[in-house]
Amino acid sequence: MRTIGVGLIGTGYMGKCHALAWTGVKPVFGDGPQVRRVMLCEVEEGLARRRADEFGFEASTADWRALIADPAVEVVSITTPNALHAPMAIAALEAGKHVWCEKPMAPALADSERMAAAARASGRVAILGYNYIQSPAVRFIGKLLKTGAIGRLTHFRLEMDEDYMADAEAPFSWRGARSAGYGALDDFAVHPLSLISTLIGRPSAVFGEMSKPYADRPDGGGRRAVETFDIATTLLRMPDGASGTIEVSRCAWGRKGRLQLQAFGSRGAIVFDQERLNEVGVYVAEGPEELQGFRQILMGPAHPPYDRFIVAPGHQMGFNDLKIIEARELLNRIEGKPSLAIDFEGGLAIERTIHAMARSSREGRWIAMDQA
């Protein structure tokens, strides 16, 4: 059986998610290559060695270029801060490696374009960490929309909220620096856009607004001006006449991992919230009026690939399981099989939409995507 060697750059929150995914993908799905965890990279040698021991990697380094150069590494997982994605991904692709890079692609559109060009030129597989589209619930929603279960889609709303920056006195971090990008727009709104592009399609025009709830934050002994926007709202027009909205905030007290989708059709509606990722609400306007209402459908083995994790409904999948599915989709694409992952081309379309939203906020007008 074929073995594929993996290298991991970055061992924070998402780095650990990737490590768990690479550990679990073979036991969960059974097919595909054996995964060999070859090398792990962190900013300091001691930390790299500790993480390699914890995550089960054979070797460690503080030099990401050395990891990419290792001939045993065939796939590179990149889970570093956003500004580092482009140089690492491009170097890996130019070295003939496959790439699994966390979203967003890069703060600058030009860097995202360079990443997509490098992927095209390399002939390697390059996907982005849009794990929410891998949820059995989201796949089920896609099936409902495709089969017309709620009729013609007329309007949709997506909200993504967390509260890790809700405290005005939380210390300044790299997410508040201009080098990180726009803020909530490219940090968060890319996820709703991944759902929209997967389930519905790409918008034809956008109208965006970004806002900054806190002007500065504690930094050392003083305060530092916040250079990014922690809240963003966008209106969307779709080519078929449907409309939509995206609202995102990193300062929403009480919200921990909310990614809510509401889809309204000519004959019903669908509701989903990532904080309850094993449930989908479906309303179909048919039958006696007194019996109409939302049905709460609990995910189970009838909603693949739930069945590869748990044999009974109601036992709940989790966030890290979605990363395992994503790793499977990457391996499928490497092997030339159908895959639901968003590659760098699809990611670039999302990035262009994000920059159009930011431009709309600056200029106060609708931006047509064919002119963005």
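The following conversation concerns selected local features of a predicted model.

Visitor: Let us start with helix H2. Which of its residues are buried?
Guide: Helix H2 covers residues 45–55, and its buried residues are Leu47, Ala48, Ala52 and Phe55. Viewed down the helix axis, these buried residues fall within an arc of 135°, so they line one face of H2.

Visitor: Why can residues a few places apart point the same way?
Guide: An α-helix has 3.6 residues a turn, so residues three or four places apart point the same way.

Visitor: And what does the face turned away from the buried side carry?
Guide: That face of H2 carries the exposed residues Asp53 and Glu54.

Visitor: What covers the buried residues of H2?
Guide: The cover includes strand S1 (3–9), helix H1 (13–29), strand S2 (34–41) and strand S3 (59–61).

Visitor: How about the ends of H2? Which residue caps the N-terminal end?
Guide: Glu44 is the cap, with a side-chain oxygen 2.8 Å from the backbone nitrogen of Gly46. After H2 comes Gly56, and its phi is positive, near 80°.

Visitor: A change of topic: how many disulfides are there?
Guide: The count is zero.

Visitor: Is Cys41 buried or exposed? And Cys101?
Guide: Cys41 is buried, at a relative accessible area of 5%. Cys101 also counts as buried, at 0% relative accessibility.

Visitor: On to the aromatic rings. How many aromatic pairs does a search of the whole structure find?
Guide: The search finds seven aromatic pairs. One of them is formed by Tyr13 and Phe319, which are stacked, with 6.1 Å centre to centre and 20° between the planes. Tyr13 lies in helix H1 and Phe319 in helix H9 (residues 319–334), so this pair ties together parts that are 306 residues apart in sequence.

Visitor: Are those two residues buried or exposed?
Guide: Tyr13 is exposed, having a relative accessible area of 60%, while Phe319 counts as partly exposed at 21% relative accessibility.

Visitor: What about Phe29 and Phe309?
Guide: Their ring centres are 6.0 Å apart and their planes are at 85°, so the pair is edge-to-face. Phe29 lies in helix H1 and Phe309 in the loop between strand S16 (295–298) and H9, so the pair ties together parts that are 280 residues apart in sequence. Phe29 counts as buried, at 4% relative accessibility.

Visitor: Which residues form a cluster with Tyr13?
Guide: Tyr13, Tyr132 and Phe319 form one aromatic cluster.

Visitor: Where does the charged end of Lys212 sit?
Guide: The charged end of Lys212 sits over the ring of Phe229, 5.0 Å from the ring centre. In another place, Arg237 lies over the face of Trp366, at 3.8 Å from the ring centre.

Visitor: With which side chain does His155 make a polar contact?
Guide: The side chain of His155 makes a polar contact with that of Ser243, at 2.8 Å. Leaving aside residues up to four places away in sequence, His155 touches Ser243, Gly244, Thr245, Gln262, Ala263 and Phe264.

Notes: Residues numbered from 1 in each chain as written. Predicted model: local features only at pLDDT ≥ 70, side-chain atom pairs only at ≥ 80, totals over all residues. Heavy atoms only, no water. Buried < 20%, exposed > 50% of the residue type's maximum accessible area, 1.4 Å probe, protein only. Helix = DSSP H or I, 4+ residues; strand = E, 2+ residues; numbered from the N terminus. Arc of directions from axis to C-beta. Contact = heavy atoms within 4.5 Å. Polar contact = N/O pair within 3.5 Å; in protein donor to acceptor, adjacent residues only side chain to side chain. Disulfide = S-S within 2.5 Å. Phe/Tyr/Trp six-rings, centres within 6.5 Å; stacked < 30°, edge-to-face > 60°. Lys NZ or Arg CZ within 6 Å of the ring centre and 35° of its normal.
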